[in-house]
Amino acid sequence: MEPYNKHESVAALMTRSNVDTDQIIPKQFLKKVERSGFGIHLFHDWRFNEDGSENTDFELNKPAFKNAKILVVGDNFGCGSSREHAPWAIADYGFNTIISTSYADIFYNNCFKNSILPIISTKEQLASLMNEISTNEGVQFIVDLENQELSSPAGNGFKFEVDSFRKENLLKGLDDIGLTFQHLDKIDQYEEKHKQTYPWLWA
Amino acid sequence: MKRTMYEKIWDSHLVVKAPGQAPLLYVDRHLMHEVTSPQAFEGLRLANRKVRNPHSILATIDHCVPTKNRDLPIADPIAKKQIETMADNCQENGLNLYDMKNPNNGVIHIVVPEHGFVHPGMVVVCGDSHTATHGAFGALAFGIGTSEVEHVMASQTLPQQKSKTMLVQIDGELSKYASAKDIALAITGKIGTAGGTGHVIEYAGDAITALSMEGRMTLCNMAIEAGARAGLVAPDQKTFDYLKGREFAPSGENWDKALAYWKSLPTDDGAEYDTIVTLNAADIEPQVTWGTSPEQVTGVTSSIPSPDDFNDTIKSEACANALKYMGLKAHTKITDIPVDLIFIGSCTNGRIEDFRIAAEVAKGTKVADNVIAIAVPGSYHVKKQAEDEGLDKIFIDAGWEWREPGCSMCLAMNGDELTVGQRSASTSNRNFEGRQGKGGRTHLVSPAMAAAAASAGHFVDIRTL
Ligand code: SF4
């Protein structure tokens, strides 16, 4: 996994709430057996017209938002299906940070496995950021994960919370499986006990 | 200390809680389908890792499979590759796969209970959000991402944060033709699609104990639509009777040991929940969704709301967007909404009881002009049982299509889909924009309501038939 570094980047704005993973990556793109190349399909049904041309009404198609690494979006982002294709598409498109008031649980977990930082803001903080972007499209925010701090030119930044374990993994680009394997002896012990306690599961 | 069922399962599966790291939870059962697993197998291979316990895995192929002309080669080359990849991966790792030709094939969450693969008190995962279905057995069952699928294959564990607990207490008696599906939709309407975020829901109350195992599966299946990580129902005699004698259920001496353990699982009297929600079963009408989120739902005797009915600006805006997408006008009576296509199936409502009730309603009727009605059993076993009971004939005589099992129009990956502007009455679980086909318009309902709409050509209050 890529380590997550401090960065200053353009923040793109989508005000809609309850954006579900079916929208983030529509199901027609889930048949691939690879992990890469989903970025071109991100928000496909909104992003492109019937004939394949770009839908100029769609937020992310605004020239000011091209090359954005930060996505500022309405409540309950990533609800619906568990498909990890959603964060794969988001990361592959170029985002590494999302800011919203809330995320669906599975999506939130999936972000951390793909070097994406999902920042949780309050309603007020989100409203100020949204306001700042809409009055100054192309504005750049600084995300400093080490210090858990977001800053914006108009002073709408804030300190955010993130689980310390996940933070360390993001900063170091650590893979969860490697960490878990440090506890292999514990897993072996647990499994021995499990066989005694629940013999019918091993019959 | 008094503990909830969730806390009991959590405690008994905690492998290690190292300082500064997420608690590691042991996983008893791992379910798989073709869409969310290939990248996980690839990851294992690249890291030179092995599947730790192949016996903990049961796999099926359901999302991409055609529901007709199953004997012909699969036309879509990408779907074909995904299906072949699944077969190769399972073979290479010695996993039990119910492939397309297998008589046990079907939708993962239908097939797994049929074979008694999930028992009370287990931790069960699958790269699929509707894994919550298996909470009906009192198992902690939840959906995971593909990286986590890889993690579980490699280590039989998963780093997890402990969830909060929510009790959804539903007392009273459901009216005739109100079903588990209506309870699930009513809960989502009440608490919203983010209402259960961060929680595991436990459903309790007379209305829940009165549900059959299949009804409980329907209910827990949609815990995710209310934002919850998982849903749980305490195991009871119905649960034990359902499991007894099934292929992967314990037998002999092990049955008695298992039973004693299962009986220790229900929440202790006086244990506390973080959140409590109550509903009265008698108040739950047959439900119909009118928007593009499962929380945009109402009773069949109501009308479609107007954006002005919501004080919350986000909800108001969402209502306006949904009406636009759905091609509906505020204040239209639900029973005046016409339908073009009826779909009965999916892991929410693709079980034998669902087809029984739908057939009861469809019997002796005719599908309305310009309406297409398709019935897609959740598995070959469901299909066979329905045929043994003559249900297929009832559907076919009424003008329905009787298909082969699969996810089909629930997410429309296999070619079964709505066309732009087409409107469905669907027994599946999600009415998101484009879920059943780009530009398609989905109304979620129970099987009885779907069957009634098929002959009427619009929604009807099933209780008045
Ligand atoms: S039937 Fe629908 S919800 Fe269930 S597993 Fe298939 S696609 Fe997912």
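Predicted model: local features only at pLDDT ≥ 70, side-chain atom pairs only at ≥ 80, totals over all residues.
Biologist: Which conventions apply here?

Modeller: Local features need pLDDT of at least 70 and side-chain atom pairs count only at pLDDT 80 or more, whereas totals for chains, interfaces and linings use all residues; side-chain values use heavy atoms, without hydrogens and water. Residues are numbered from 1 along each chain as its sequence is written, with chains lettered from A and ligands numbered from 1 in the order in which they are written.

Biologist: What area is buried between chain B and chain A?

Modeller: The size of an interface is often given as the accessible area lost when the parts come together. Here the buried area (accessible area lost, 1.4 Å probe, summed over both parts) is about 5,400 Å², and carbon and sulfur atoms give 54% of that. On the side of chain B, Gln39(B), Arg52(B) and Lys438(B) lose the most area, together 12% of what that side buries.

Biologist: How many salt bridges cross the interface?

Modeller: A salt bridge is a side-chain nitrogen of Lys or Arg within 4 Å of a carboxyl oxygen of Asp or Glu. The rule finds nine between chain B and chain A; Arg435(B) and Asp22(A) meet in a salt bridge at 3.2 Å, N to O.

Biologist: Which residues have the most contacts inside the largest nonpolar core?

Modeller: In soluble globular proteins, nonpolar side chains tend to be buried together. A nonpolar core joins buried (under 20% relative accessible area, 1.4 Å probe, protein chains only) Ala, Val, Leu, Ile, Met, Phe, Trp, Tyr and Cys residues through side-chain atoms within 4.5 Å. The largest has 208 residues, with Val72(A), Phe77(A), Ile342(B) and Trp400(B) making the most contacts inside it.

Terms used. Buried area = accessible area lost by both parts, 1.4 Å probe. Buried < 20%, exposed > 50% of the residue type's maximum accessible area, 1.4 Å probe, protein only.
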